[in-house]
Structure formats: structure tokens, C-alpha cells
Amino acid sequence: MKKRSFFFACFSVWGSLVFLSGCLSLGTSPGNSWSSEDRTKIAGTLRLETVTVDKPVDKASVEKEIRGRVPLVFLKRGYLLVSEEETAQYRADIRAIEREYIAGWKTRRSLSMEVFIWKDEEGGWDPVPLASGRAAGTGQASLSSSPVTDRLLTTAVKRALGALKK
């Protein structure tokens, strides 16, 4: 009986160490950087009105991450986000959606990020968006993953601004 307990204790400690070392290993991921020189190539100004996240959990953290990344993503494309007090040529709304569904024995996710851009008209904002961009994907990834959210946001902004320039 003692041999079995000793073996179980050793196996438990070894398994815990393997598990913790796997959890603690940090991978590196590619990042982006911007400089203040990007401000010299401003094509227009935008005001971010709303960021809506429709997701089962972690809505607030995903929304906060999108709000933090959006000024840099637009700046990279030549558009400066301004505060509510400043006048802007355009207004942007962003909507992120995550849906879960069952495919066979696995839970899969459908992700989408949509960016809508309105033009400021004399009587107020035009009720129909001037341009929009959408990025979508399916798989096991989640909006809670920063690289996934960043990739969807960058693609949706790129498509919306591409449609705006047409």
C-alpha cells in the first residue's frame, strides 16, 4: 500500500511540474509599432462613436482592447482619431461579434468585426454609412485572443477605408 501511495505522490508532483512549466512558458508573437511621424500623412479625421461587442463572456475587456488599438490602426492608414470636442470629417462605429456553434463533437466559433464610417453632413450625420468593412472567420479562436482581435480589426478598418477612398 505504501508503494502505491509513494508512486501516486511522485506521479502527482511530476505531473504538476510538467503542467506548470507548460503554463508558464511564454511564447513570443509579432508586434506592431508606430511613430509620431505617421501623423504627417493625415488623410482625414475620424471620431470613434461606438464599439459594440456581442460575445458570451469578456465583453468589457474585448471592447477596451479594441478602443485602445483603434487609434493606432486608423493612424497607420492615415486617419487621425479626434476627441468628442473636436470636429471630425467622419464618424466610425465598430461592431465585434462572436457566436459559438457545434460542429460534430467540437465547439466552433464564428467571428466578425465590422467598421462603419459616416460622413459629417451640414444637417448632422448622414443616416446611411458612407463606407463599411467587414472581416470574418471561423474556427476555434476567440475574440478574447489579442492577435485574433487585432487581425480582424486591422482587416475591417483596411476594407472600410479602402471603400471610403473609392
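**Terms and their grounds**

Mentor: H2 passes H3 in a right-handed crossing. This is a predicted model, in which local features need pLDDT of at least 70 and side-chain atom pairs count only at pLDDT 80 or more, while totals for chains, interfaces and linings use all residues. Residues are numbered from 1 along each chain as its sequence is written, and side-chain values use heavy atoms, leaving out hydrogens and water.

Trainee: What makes the crossing right-handed?

Mentor: A crossing is right-handed if the near helix is turned clockwise from the far one by less than a right angle, and left-handed if anticlockwise.

Trainee: Why is H2 called oblique to H3?

Mentor: Their axes (lines fitted to C-alpha atoms over the stretch in contact, with angles from 0 to 180 degrees between N-to-C directions) come within 10 Å and cross at roughly 45 degrees. Angles under 35 degrees count as roughly parallel, over 145 as roughly antiparallel, 65 to 115 as roughly perpendicular and the rest as oblique; therefore H2 is oblique to H3.

Trainee: Which residues make the contact of H2 with H3?

Mentor: Contact means heavy atoms within 4.5 Å. Among the residues involved are Ile66 and Phe74 of H2 and Leu153 and Val157 of H3. The residues of this contact divide into 7 nonpolar, 3 polar and 3 charged.

Trainee: Where does Ser145 lie, and why is Ser145 called partly exposed?

Mentor: Ser145 lies in the loop between S6 and H3. Buried means under 20% relative accessible area, exposed over 50%, and partly exposed in between (1.4 Å probe, protein chains only). Ser145 has 26% relative accessibility, so Ser145 counts as partly exposed.

Definitions and conventions
Helices (H or I, at least four residues) and strands (E, at least two) are DSSP runs, numbered from the N terminus. Ala, Val, Leu, Ile, Met, Phe, Trp, Tyr, Cys and Pro count as nonpolar, Asp, Glu, Lys and Arg as charged, and the others, Gly among them, as polar.
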